[in-house]
Amino acid sequence: MAEAAPGEPVTRTGPPAYDASLADHGLEAKEFRGLTYPLGDHAPGYGEYFGIAPGLGWTRLPVPGPLDHINIWLLDDRDDEGEGVAIVDTGLYMPGSTDAWKALFAGGLQGRRITRVLVTHFHPDHVGAAGWLCRRFGVRLWMNRTEWLMARMLTADVRAEPPQEALDQMRLAGWDEPRLENMRAKGWGNFARMVSDVPISHVRLDDGAEVVIGERTWTVMTGGGHTPEHACLVDQAGQVVIAGDQILPRITSNVSMITSEPTADPLREWLDSIAKFRSALTGDELILPAHGFPFTGVHARLDALASGHIERLDVLEAALKQAPMRAVDTFGILFARDVDDSVYGIATGEALAHLRYLECAGRATCTVRDGVGWYSA
């Protein structure tokens, strides 16, 4: 879903108390659905540098489709060679994105040296240009080990046709033969088309590790469900969180069954991660999401993310009591929008994740007939 402006504004007087540096922007904060957007609906253009706070900058890169953009965070840094800038997340490896990077290097960053590249997780809009950037500046990639391995594996797995396991999973979900045939025709390895060669080495971002970048010390907090070990960066002293896709203000991160883990329970991992972040964060942090606008009110947002899934699970279970359903039969229950061909695969993965959660919780059973899974309460 496309990111919308924060809605009808409620003007605040003065800057947020937690970070007086935001007062310098002269922007009106806005409030919407329990969240506060200190910068209102202001966002930098593609390849434009916008300073949020001392040592912390923001730019955006284009993403085709409903996401529209990804937020990139630029942190003042220093290493053995001197002062520079660390990059967090990289955008897709495509001309529009790399052109925006080049404009940023020549303009907003004014030729400043890049010290390192950090990536929150393996999805293409986050890791896509990482290899290109690392080679361009001769710097290391910092990434969670599992996420780095996922990116390496997926860029290496390019085939003329999808593996049989992937076709079987879609058949299990209820895909018909024309849709399966279309899947065959598209081949296998679309991930690699959007990602530059991922470096063969990396510096690990382990859960709980501390990373000093410039004047700030960031603690790594990982979450599961959206990806296996999505890494967020938490500046506890400065009350800032670089959240990636783990905490988004207006849209819910996709939580899907993935082909490599057909018996996992990603929605349980997602809900457990929400509880983990809810407990660890004070609630006063400025959240810097990968999509949308910086915001405060993280406890309200985490509560809404959890309750949204729990409510859908309850409605789904009630429907399964009425009649057995395939994953594709649940779209109208789980999603507020029509599911067209552009999102059919993502919707299938998310439907399977919800059904798997109910199955693991003992609230549903799956009977397989002719390769198709029929779920009942």
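Which residue caps the N-terminal end of helix α6 (residues 177-185)? I looked, and D176 does: one of its side-chain oxygens lies 3.0 Å from the backbone nitrogen of R179. After α6 comes G187, with a positive phi near 75°.

A note on the source: this is a predicted model, in which local features need pLDDT of at least 70 and side-chain atom pairs count only at pLDDT 80 or more, while totals for chains, interfaces and linings use all residues. Residues are numbered from 1 along each chain as its sequence is written, and side-chain values use heavy atoms, with hydrogens and water left out.

**Entry: the seven-strand sheet**

I traced an open sheet of seven strands, ordered β3-β4-β5-β6-β7-β8-β9, with mixed pairing. Helices (H or I, at least four residues) and strands (E, at least two) are DSSP runs, numbered from the N terminus, and two strands pair if DSSP finds at least two bridges between them. β3 (50-53) and β9 (203-204) stand at the edges with a single partner strand each, so one side of each has no neighbour in the sheet. β3 pairs with β4 (residues 56-63) in the antiparallel sense over three bridges; G51 has G57 of β4 as its bridge partner.

Next I checked what packs on this sheet. Helix α1 (residues 95-106) touches β4, β5 (68-79), β6 (82-88) and β7 (114-119), and its direction makes about 150° with that of β4. Contact here means heavy atoms within 4.5 Å; axes are lines fitted to C-alpha atoms, for helices over the stretch in contact, and angles run from 0 to 180 degrees between N-to-C directions. Helix α4 (residues 145-156) also packs on the sheet, touching β8 (141-143) and β9, at about 115° to β8.

**Entry: the five-strand sheet**

I found a second open sheet, β10-β11-β12-β13-β14, again with mixed pairing. Its edge strands, β10 (210-213) and β14 (286-289), each pair on one side only. From one strand to the next, the twist averages 30°. Strand β13 (residues 240-244) runs parallel to β14, joined by four bridges, and V240 has L286 as its partner in β14. Helix α8 (residues 266-280) packs here, touching β11 (216-223) and β12 (230-235), with its direction about 150° from that of β11.

**Entry: H299**

I then followed H299, which sits in helix α9 (residues 298-322). Leaving out residues up to four places away in sequence, H299 touches R278, L281, T282 and G283. Its side chain makes a polar contact with that of R278, at 3.2 Å. I also noted I247, 52 residues from H299 in sequence and 10 Å away in space, C-alpha to C-alpha.

**Entry: lining of the second largest pocket**

Which element gives the largest share of the lining of the second largest pocket? I get α5, with four residues. α5 (164-173), α11 (344-360) and β15 (365-369) each supply at least two lining residues.

Conventions:
A polar contact is a pair of N or O atoms within 3.5 Å; within protein, one must be able to donate a hydrogen and the other to accept it, and residues adjacent in sequence count only if both atoms are side-chain atoms.
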